[in-house]
There are 2 protein chains.
Amino acid sequence: MKKNAIYAQSGGVTAVINASACGVIQTARNYPDRIGTVYAGHNGILGVLHEELIDTSLESDLNIARLKHTPGGAFGSCRYKLKDPEAHPEEYERLIQIFRAHDIGYFFYNGGGDSQDTTWKIARTAQKANYPLTCIGIPKTVDNDLPLTDTSPGFGSVAKYVATSIREASFDVASMAETSTRVFVMEVMGRHAGWITAACALAQENSHDAPHLLLFPEKPFIEKNFLRRVEATVEEEGYCVIAVSEGIRDQNGKFLSESGIHDAFGHAQLGGVAPVIAQLIQARLSLKVHWAVADYLQRSARHIASLTDVEQAYAVGKAAVEYALAGKNAVMPIITRLSNDPYRWEIVPALIQDMANIEKPLPEHFIANGGYGISEACRSYLLPLIQGESPVPMKQGIPDFVRMKKDLIGKKLAPYIL
Amino acid sequence: MKKNAIYAQSGGVTAVINASACGVIQTARNYPDRIGTVYAGHNGILGVLHEELIDTSLESDLNIARLKHTPGGAFGSCRYKLKDPEAHPEEYERLIQIFRAHDIGYFFYNGGGDSQDTTWKIARTAQKANYPLTCIGIPKTVDNDLPLTDTSPGFGSVAKYVATSIREASFDVASMAETSTRVFVMEVMGRHAGWITAACALAQENSHDAPHLLLFPEKPFIEKNFLRRVEATVEEEGYCVIAVSEGIRDQNGKFLSESGIHDAFGHAQLGGVAPVIAQLIQARLSLKVHWAVADYLQRSARHIASLTDVEQAYAVGKAAVEYALAGKNAVMPIITRLSNDPYRWEIVPALIQDMANIEKPLPEHFIANGGYGISEACRSYLLPLIQGESPVPMKQGIPDFVRMKKDLIGKKLAPYIL
């Protein structure tokens with residue numbers, strides 16, 4: 001029996017979330033007898049609630065293929081979290097109405113832990129309402145904090161970007177340290193988990209190499225100890241390169257990024273822990289410091305994406321459709337590691353309720369060097385994830401990305417007020 | 001007659017200054033009957049003054065070739081500026097002593113306008129002292145503010161990096177703007193000249209594309225006018241992407257990066273104009289803002305270097321040696337544009353004294369869109385400079401760079417106190 005499908009992107013986008021979209025749409029197009037039209041929620045689940053559905057059948061095969069090398073969320077994403085279905089069933093009821101109106105038999109939700117919690121709730125609601133719906137989650141998050149899966153699509157590419165960037169900048173700093181900048185601080189994402197911070201250490205070829213100090217959100221920031229390490233590193237190596245997670249906190253649990261930088265009006269300054277660390281080092285150690293905040297550059301850097309990550313992102317999209325067609329429900333394709341060296345992996349199904357709303361921090365045994373570095377176990381885990389290049393087609397000297405036409409289908413229902 | 005040579009890197013390093021070093025050393029190795037050993041100043045001119053000379057003949061041909069894809073300054077660079085030779089002749093006398101002690105007949109100085117002023121002064125000092133020395137400048141600066149030459153090696157690669165990065169981040173921001181970040185601010189280098197800021201506009205494919213607003217150091221920042229433009233852009237496009245030069249100033253000539261952000265101790269915050277702009281927009285327009293500061297990442301990003309830039313950087317190094325062997329003195333190879341489309345260029349000699357200490361700001365007719373964008377003339381000028389890819393060999397998922405052994409030769413002179 002032929003049914004239509006809805007695909008929606010959720011939460012912070014990545015350099016490879018569109019590769020998952022590509023996997024979903026290309027695979028669905030291979031089964032025209034089973035899957036009718038794949039609609040994409042315009043700006044994620046909000047577009048589904050508002051019946052703003054993009055007809056992906058109007059996008060050419062070529063443009064769907066180009067999704068594989070286009071960063072951001074091609075159909076739009078959002079941070080909207082559905083309300084609790086017990087207290088507020090209306091949003092779930094609305095979704096069922098939408099599904100009914102457009103003959104939807106498959107729902108694919110591409111997002112992190114929060115979003116998979118939603119997928120699970122939607123699956124249960126449909127079941128209770130006796131509406132025949134196959135709900136499949138598709139993992140995604142640069143933070144790499146999803147449980148069960150070996151890694152989260154999106155993370156490997158950020159890891160490759162930060163390792164490459166801090167390595168390049170370190171060559172710069174090292175060459176001028178004698179008369180110029182002695183300390184370089186690079187801030188990376190990962191508010192609750194230090195996976196991206198840890199990945200910076202992949203820039204090291206030997207024990208003297210930068211980055212010399214990593215500041216993990218899993219470890220409270222102890223100023224005196226940290227400054228002593230910076231001083232010692234500058235003494236030994238001539239310079240010091242530091243990678244810092246945006247989410248580090250002091251011993252009282254307070255974010256360092258909120259630790260007292262104010263503008264002329266007395267407002268707390270907007271984000272940025274790198275300038276706080278830089279200021280501290282300059283004030284206390286009188287060393288010249290430079291800092292960088294990569295922010296969105298890191299999670300959108302498709303030009304230096306990891307081929308492994310791109311392939312895994314595509315594979316989970318493809319598997320999502322295959323699972324749906326095989327009759328699986330309320331599952332999510334995850335990545336299982338079969339071996340480390342060579343890295344071999346496969347896609348297997350996991351139950352959504354087993355991963356919803358659980359965060360996976362960097363385990364203690366992955367942290368070494370007095371809390372400022374990574375262990376060999378961590379390196380062995382991380383290294384395969386950044387392997388392989390996935391060059392982007394270039395046009396006029398810059399990456400050539402695709403933009404979807406985003407043609408919306410006609411509405412059948414009354415407007416919905418959130 | 002066979003003479004040795006000294007090569008020194010000066011000032012801020014770039015992603016391609018080592019390609020110039022490669023051009024110098026490889027070309028010199030082709031003329032063993034004319035050029036003996038090429039010594040490199042350890043950390044630039046300071047190494048020459050201190051008789052810390054790296055024997056590049058001990059570096060393998062393979063490793064010299066690898067310089068072409070290694071960022072930073074492979075022999076070390078410094079920001080040290082020689083004193084005025086009239087008032088303080090001692091530094092110049094020291095250099096002549098060093099040259100005499102090591103049978104130096106050629107001096108190659110790889111740096112920006114300041115450094116070429118030094119090259120010129122060394123050439124005159126040698127002439128006055130009747131010491132036979134051939135002095136050749138080699139252009140370099142990411143700021144692109146050298147006169148006479150069509151462009152400065154180092155700039156094209158930064159231009160490609162910033163255009164690529166802001167394009168990628170813009171795809172990210174656009175996909176989530178409805179419920180998340182509305183405004184994205186990216187800070188770029190170029191304290192006195194807006195060339196790098198202008199290059200961000202190469203990310204645009206059409207008139208609606210990001211970046212929407214550029215803040216040039218050539219234009220005073222007028223808050224009210226700027227905020228109106230941000231508001232209008234968000235209204236029209238749904239989001240607004242801004243590229244800002246680190247060097248923008250208010251109408252009183254005061255750097256915005258010094259405009260009132262203080263830490264808990266009352267110290268002015270270290271650099272960073274992007275957070276100042278972000279704070280302003282959030283406070284006045286109540287829009288969610290993210291910001292990035294690429295800092296050294298932009299000038300060391302060899303992984304996304306412009307092939308045109310790499311080729312020009314190599315060509316000026318090669319030409320420097322050829323000019324020296326042809327008996328030219330006190331000249332610098334510069335790049336002349338023969339045609340725009342296709343971009344054709346050649347290397348010609350220019351007199352050093354014609355370019356020393358002159359800065360080339362972005363010309364007025366290159367600025368458009370009410371001071372917030374670039375003209376078609378500017379685009380035509382910039383576009384060829386970012387063309388072509390120059391992939392870096394990868395090892396374990398990250399760029400494989402070379403490190404010089406940096407073997408210093410034995411000293412023959414007494415230590416020198418600066």
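Visitor: In which loop of chain B does B:D295 lie?
Guide: In this predicted model, the backbone of B:D295 has a phi near 45°, a positive value in a residue other than glycine. Most residues other than glycine have a negative phi. As for its place, B:D295 lies in the loop between β9 and α10 of chain B.

Visitor: Is B:D295 buried or exposed?
Guide: A residue is buried if 20 or more other C-beta atoms lie within 10 Å of its own. B:D295 has 26 C-beta neighbours inside 10 Å, so B:D295 counts as buried.

Visitor: What rotation superposes chain B on chain A, and what kind of axis is that?
Guide: The rotation is 180°, with 0.0 Å of shift along its axis, and the RMSD is 0.0 Å. That is the relation of a two-fold axis.

Visitor: Which residue of chain B has the C-alpha nearest the axis?
Guide: The axis in question is the one about which a rotation of 180° superposes chain B on chain A. At 2.5 Å from that axis, the nearest C-alpha in chain B is that of B:V293.

Visitor: Which element gives the largest share of the side of chain B that touches chain A?
Guide: The contact takes 72 residues from chain B and 72 residues from chain A. On the side of chain B, the elements that give two or more residues are α6 (155-176), α9 (274-285), β9 (289-293), α10 (296-299) and β15 (398-399). The largest share, 13 residues, comes from α6(B).

Visitor: How many residues on the side of chain B that touches chain A are nonpolar, polar and charged?
Guide: The copies meet through the same surface, because 100% of the interface residues of chain B are also interface residues in chain A. The residues on the side of chain B divide into 36 nonpolar, 25 polar and 11 charged.

Visitor: How far apart are the C-alpha centres of the two domains of chain A, domain 1 and domain 2?
Guide: Domain 1 of chain A comprises 3-141 + 304-358 + 390-399, and domain 2 comprises 155-300. Between them, 11 residues of domain 1 are in contact with 8 residues of domain 2. On the side of domain 1 that touches domain 2, there are 5 nonpolar, 5 polar and 1 charged. The C-alpha centres of these two domains lie 34 Å apart.

Visitor: Why do the buried residues of α4(A) line one face of the helix, and within what arc do they fall?
Guide: Helix α4 of chain A, residues 90-101, reaches 16 Å from its first C-alpha to its last, close to the 16 Å expected. Its buried residues are A:E91, A:Y92, A:L95, A:I98 and A:F99. Seen down the axis of α4(A), these residues line one face of the helix because they fall within an arc of 115°.

Visitor: Which elements of chain A do the buried residues of α4(A) pack against?
Guide: Among the buried residues of α4(A) are A:Y92 and A:F99. The buried residues of this helix pack against α2 (45-49), β4 (104-111) and α5 (113-128) of chain A.

Visitor: Which elements of chain A do the buried residues of α9(A) pack against?
Guide: The 12 residues of α9(A) should span 16 Å at 1.5 Å a residue, and its end C-alpha atoms are 16 Å apart, which agrees. Its buried residues include A:A274, A:V276 and A:L280. Just after this helix, A:S286 takes a positive phi of about 50°. The buried residues of α9(A) pack against β6 (183-188), α8 (223-237), β8 (240-245) and β9 (289-293) of chain A.

Visitor: Which residues does B:C378 touch, not counting residues up to four places away in sequence?
Guide: B:C378 is found in helix α12 of chain B, residues 376-382. It is buried, with 22 other C-beta atoms within 10 Å. Under that count, B:C378 touches B:A198 and B:F366.

Visitor: What is omega for the cis peptide bond that joins A:D341 and A:P342?
Guide: Most peptide bonds are trans. A:P342 is placed in the loop between β10 (331-339) and β11 (344-351) of chain A. The bond that joins A:D341 and A:P342 is cis, and its omega is about 5°.

Methods: Residues are numbered from 1 along each chain as its sequence is written. Chains are lettered from A and ligands numbered from 1 in the order in which they are written. This is a predicted model: local features need pLDDT of at least 70, side-chain atom pairs count only at pLDDT 80 or more; totals for chains, interfaces and linings use all residues. Two residues are in contact if their C-beta atoms, placed from the backbone, lie within 7 Å. Helices (H or I, at least four residues) and strands (E, at least two) are DSSP runs, numbered from the N terminus. Ala, Val, Leu, Ile, Met, Phe, Trp, Tyr, Cys and Pro count as nonpolar, Asp, Glu, Lys and Arg as charged, and the others, Gly among them, as polar. The expected span of a helix is 1.5 Å times one less than its number of residues. A residue is buried if 20 or more other C-beta atoms lie within 10 Å of its own, exposed if 12 or fewer, and partly exposed in between; C-beta atoms are placed from the backbone. The arc is that of the directions from the helix axis to the C-beta atoms. Copies are superposed by least squares on the C-alpha atoms of residues with pLDDT of at least 70 in both. Domain bounds come from an automatic or database domain assignment.
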